[in-house]
Amino acid sequence: MNDRVGWNELPLSLRTLVEMAAGQVIRADSVADGLNCSLAARIDTVGGGRLFLKGVRDDDPAQVAALACEDSLNEHVTGVSPPVLYRFRAEGWYCLAFGFVDGRYADLGTGSKDLGAVAAALRGLPAVPVPGLPVPDLTERFAGRLDRTESASLKGRCLLHTDLNPHNILIDGRTSAAWFLDWAMPAVGPPWVDPAYVAVRLMECGQPAGDALAWLSGFTSWRDADPLAVKAFVDGTCREWTARIGEPDARPSNERYQALLSGI
């Protein structure tokens, strides 16, 4: 992001709050990856160890809403996502300090050894979201793209991440477990949706459709998925993407989604 700021550029009062809670910061390194924040930094503290500090400016309502959603969901996904240890509001900033996971981004390409860990983390997602959380229904993504019957088939009660690209999946360097980052686009829907999204990512990363579908078939939720619901998901995604960027540019992505239909 062009407006990404570093630790030393933050207001002094905010840095003081962080150090009062976590300990004196002795090193801070900005992290370039990520789209939904103005601040992303690894900070080393005296006594508190290493943390990941993520922050947004209060004058960006979309970023504030995304971070607030991530904050509210965190306690319910701590088995598969790093925990929020501290929260800060000061000088026009909203920040979260997460427990730091020393790892690397997941490899979703051919021959990857990370896919078992990714599958295990997917199975660790909560089956039913906690009532009252600000999580929209998946069908809202496809408003105007699906008819009433198609929308009804996509109803579900499972918490979904929906954006599990390789930069949102961290492989723990110590345990080799997978951690899911950046819950800025959650939804509620059928349990097979996140595995299906990841299968499409496998294809994007060069895996043949057959191999991606073979991995996807390891999920009971996918094997039990309603074919009408899967078709609605594929059709809604393709229609939305085509409307957004045009049919020629959407074709490669749409073909990957359409490949899912051969696996049901």
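**Entry 1: what counts as a pair.** I took two rings of Phe, Tyr or Trp as a pair if their centres lie within 6.5 Å, using the six-membered ring of Trp. Planes under 30 degrees apart are stacked, those over 60 are edge-to-face, and the rest are tilted. I also noted that this is a predicted model.

**Entry 2: the ring pairs.** How many aromatic pairs does the structure hold? I found nine. I looked up Phe52 and Phe98, whose rings sit 6.2 Å apart, centre to centre. Their planes make 40 degrees, so the pair is tilted. Phe52 belongs to strand β3 (residues 49-57) and Phe98 to strand β5 (residues 93-99), so this pair links parts of the chain 46 residues apart. Buried or exposed? Phe98 is buried, at 6% relative accessible area, whereas Phe52 is partly exposed, at 23%.

**Entry 3: two tryptophans.** Next I looked up Trp192 and Trp222, an edge-to-face pair with 5.9 Å between centres and 70 degrees between planes. Trp192 is in the loop between β10 (187-189) and α5 (193-204), while Trp222 is in helix α7 (residues 220-223), 30 residues apart. Both are buried: Trp192 has a relative accessible area of 4%, and Trp222 has 3%.

**Entry 4: arginines over rings.** I checked for charges above ring faces. Arg50 lies over the face of Phe100, 5.2 Å from the ring centre. Arg123 does likewise with Phe219, at 4.5 Å from the ring centre.

**Entry 5: the sheet.** In what order do the five strands of the open sheet lie? I read it as β1-β2-β3-β5-β4, with antiparallel pairing. Because β1 (25-30) and β4 (84-90) each have a single partner strand, one side of each is left without a neighbour in the sheet. The twist from one strand to the next averages 25 degrees. I then returned to β3 and β5, which are joined by seven bridges and run antiparallel. One residue I followed across was Lys54, whose bridge partner in β5 is Leu96.

**Entry 6: helices on the sheet.** Helix α1 (residues 12-22) lies across β1, β2 (39-45), β3, β4 and β5, and runs at about 150 degrees to β4. Helix α2 (residues 61-74) also packs on the sheet, where it touches β3, β4 and β5. The direction of α2 makes about 35 degrees with that of β5.

Key: Residues are numbered from 1 along each chain as its sequence is written. This is a predicted model: local features need pLDDT of at least 70, side-chain atom pairs count only at pLDDT 80 or more; totals for chains, interfaces and linings use all residues. Side-chain values use heavy atoms; hydrogens and water are left out. Helices (H or I, at least four residues) and strands (E, at least two) are DSSP runs, numbered from the N terminus. Buried means under 20% relative accessible area, exposed over 50%, partly exposed in between (1.4 Å probe, protein chains only). A charge sits over a ring if NZ of Lys or CZ of Arg is within 6 Å of the ring centre and within 35 degrees of the ring normal. Two strands pair if DSSP finds at least two bridges between them. Axes are lines fitted to C-alpha atoms, for helices over the stretch in contact, and angles run from 0 to 180 degrees between N-to-C directions. Contact means heavy atoms within 4.5 Å.
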